[in-house]
Amino acid sequence: MATEVEYMGGVSRRTLLAGAASLSGSALVAGAATGAAQAAPTGPARSGAAEPAPVVVEGDIRYPALTRGQNQRFASRPESIHLPGTTDQAVGAVQDAVRAGKRISVRGGGHCYEDFVDHPEVQAIVDLSRMADIGYDAGMGAFYAGGGARLGDVYSTLFKGWGVTLPGGSCPSVGVGGHVPGGGYGNLSRRHGLIVDHLHAVEVVVVDAEGTARAVIATRDPADPNHDLWWAHTGGGGGSFGVVTRYFFRTPGATGEPSRLLPAPPSTLFVAWLRWPWDKLDERSFSRLVRNYGTWCEENSAPDSPYRGLMARLDPEARAAGQVLLSVQMDTSVPGAGKLLDDFIAAINDGVGVDVEFYQEKHELPFEQGTGWPGFAGGNPTERYKYKSSYHRKGLTDDQIGALYRVLAETDYDHPGYVLTIATHGCQVNAVAPDATAQPHRDSVLKLLWGTTWANPSEDAKHIDYHRNVYRSVYAGTGGVSVPNDVTDGCFINYADGDLADPEWNSSGVPWHELYFKGNYPRLQQAKAAYDPQDIFRHAQSIRLPGQQ
């Protein structure tokens with residue numbers, strides 16, 4: 001199935017292989033795709049003449065805000081920022097930049113952890129913030145979200161309009177533009193899988209070998225000649241293949257009314273926020289706490305686990321922060337949900353020897369209020385930060401826990417902004433084969449986010465060095481990184497970490513792309529060759545063309 005939009009000579013020329021309805025939204029450009037017909041989706045109509053997108057240049061009052069994302073470490077000086085409101089305008093913006101030989105980057109929500117968007121060599125930014133429409137497309141039989149939509153708006157629109165949701169991330173200001181193609185994970189993933197497990201199609205602006213930009217819709221249907229382009233957006237990361245102007249969502253196999261096409265969220269959630277004060281923890285009690293948590297996850301992360309409705313995060317902060325936190329939510333519709341939650345808390349605290357305190361006592365919240373609960377949601381757009389990631393097939397080993405204790409507790413690093421988040425993983429995520437999507441991490445029970453935030457540019461070296469040394473110390477036995485083995489299982493592309501490509505910080509001999517994509521990388525390279533043969537869309541950790549390093 002294929003729908004193409006080609007842009008040449010400033011005139012929009014549509015080739016709709018089937019159907020007469022026009023569509024707007026995300027665009028991903030394909031190679032020279034031909035194939036079976038697909039009815040064009042309905043939805044907000046495109047303008048017929050492809051009026052150019054607004055362009056912002058230096059000196060415009062908007063320029064400072066549009067040349068940086070949330071991470072204040074990175075700012076760019078592009079010649080132009082293009083703000084398309086339709087797919088035609090996105091195609092035109094890409095075509096103009098390609099024709100002028102300008103290096104392009106694409107901004108969705110602005111939450112990139114590295115300089116993939118705001119890089120010194122970028123000359124043109126395609127900013128999708130005006131393409132934030134969300135709704136139901138009857139022709140496609142799927143819900144859609146524009147490439148500039150934010151998760152909080154997606155959840156609210158789906159829930160209030162149809163009583164459905166997506167198992168995406170917990171930070172409401174994150175954009176779908178980068179979150180989805182990285183294989184987004186969130187609080188409902190143990191019950192409903194990753195957000196890409198519900199991705200039905202993508203619309204993408206791509207550039208072919210002749211330098212022609214066009215928009216292509218690629219679907220989950222294996223018979224779709226653009227199927228590999230869809231697959232590449234189920235975990236291959238953003239910024240590698242084109243500009244995604246619209247995502248379409250429908251759970252595989254779902255039929256009927258729109259309210260039956262995506263998962264229904266819990267009506268209410270139990271939430272609780274607990275703490276163990278650092279001044280009461282020693283190495284033995286800290287180790288017991290972290291070991292209990294890992295063991296519990298090993299034993300309760302199968303797809304049919306009664307705990308698939310539970311999501312938790314253990315946050316061992318640096319001693320300067322004063323505490324180790326545990327945030328947890330539980331689907332109240334699960335039989336015996338209250339007791340299951342109580343039993344979970346008891347299991348985590350078993351033998352620790354320190355009374356756990358309720359930072360926020362267990363209580364019940366409606367689903368929509370629960371999505372904004374501060375135990376999970378967050379993000380400060382005024383800060384500088386550095387993050388890393390790791391997957392674990394088992395809990396942390398004794399050596400890893402010992403190293404973690406030493407770097408958190410036995411240190412003169414007095415900054416409370418450092419935190420390690422150890423999130424529950426698995427259950428329905430692990431019911432999907434590792435090659436069914438580009439996201440290959442389908443047998444892990446823990447997902448770890450290592451991070452530190454700060455405000456002052458003068459302190460960059462202090463905080464980045466500490467952060468790097470914490471991570472390297474914990475994974476000292478495997479070359480300073482989380483390599484795929486029987487305990488660990490690589491890293492998460494959405495928590496991008498440029499250090500993985502630096503032998504100073506990754507001495508494992510395992511390349512960055514294997515840590516992110518494992519055995520799926522060669523297929524991603526083939527998709528790159530088919531849909532971006534000129535390597536127009538690139539950054540420090542974008543998918544490389546075959547033969548490139």
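Val205 stands opposite Ala215 in strand 10, in a predicted model where local features need pLDDT of at least 70, side-chain atom pairs count only at pLDDT 80 or more, and totals for chains, interfaces and linings use all residues. Residues are numbered from 1 along each chain as its sequence is written, and side-chain values use heavy atoms, with hydrogens and water left out. Helices (H or I, at least four residues) and strands (E, at least two) are DSSP runs, numbered from the N terminus.

**Strands 9 and 10**

- Strand 9 (residues 199-207) pairs with strand 10 (residues 213-219) in the antiparallel sense, over seven bridges; two strands pair if DSSP finds at least two bridges between them.
- Five residues separate the strands of this hairpin, and Gly211 takes a positive phi near 85° there.
- Seven of the seven residues of strand 10 are buried, where buried means under 20% relative accessible area, exposed over 50%, and partly exposed in between (1.4 Å probe, protein chains only).
- Ala213, Ala215, Ile217 and Thr219 point one way from strand 10, while Arg214, Val216 and Ala218 point the other way, and all are buried.

- An open sheet with mixed pairing is formed by four strands in the order 3-4-6-5.
- Strand 3 (55-56) and strand 5 (104-107) are at the edges with a single partner strand each, so one side of each has no neighbour in the sheet.
- Two bridges join strand 3 to strand 4 (residues 80-82) in the antiparallel sense, and Val56 has Ile81 in strand 4 as its bridge partner.
- Helix 2 (residues 87-99) lies across strand 4, strand 5 and strand 6 (124-127), and runs at about 155° to strand 5; axes are lines fitted to C-alpha atoms, for helices over the stretch in contact, and angles run from 0 to 180 degrees between N-to-C directions.

**Helix 10**

- The end C-alpha atoms of helix 10 (residues 398-409) are 16 Å apart, which agrees with the 16 Å that its twelve residues should span at 1.5 Å a residue; the expected span is 1.5 Å times one less than the number of residues.
- Nine of the twelve residues of helix 10 are buried, among them Gln400, Tyr405 and Leu408.
- The buried residues of helix 10 pack against helix 7 (283-299), strand 13 (310-316), strand 16 (384-392), strand 17 (418-424), strand 18 (446-454) and helix 11 (460-474); contact means heavy atoms within 4.5 Å.

**Salt bridges**

- The count comes to 32 salt bridges, each a side-chain nitrogen of Lys or Arg within 4 Å of a carboxyl oxygen of Asp or Glu.
- Asp460 and Arg384 form one of them, at 2.8 Å, N to O. Asp460 is in helix 11 and Arg384 in strand 16, so the pair ties together parts 76 residues apart in sequence.
- Arg384 counts as buried, at 10% relative accessibility.
- Asp499 and Lys388 meet in a salt bridge at 2.8 Å, N to O. Asp499 lies in the loop between helix 11 and helix 12 (512-517) and Lys388 in strand 16, so this pair ties together parts 111 residues apart in sequence.
- Both Asp499 and Lys388 are buried, and Asp499 has a relative accessible area of 6%.
- Asp499 also meets Arg468 in a salt bridge (2.9 Å, N to O). Arg468 lies in helix 11 and Asp499 in the loop between helix 11 and helix 12, so the parts tied together are 31 residues apart in sequence.
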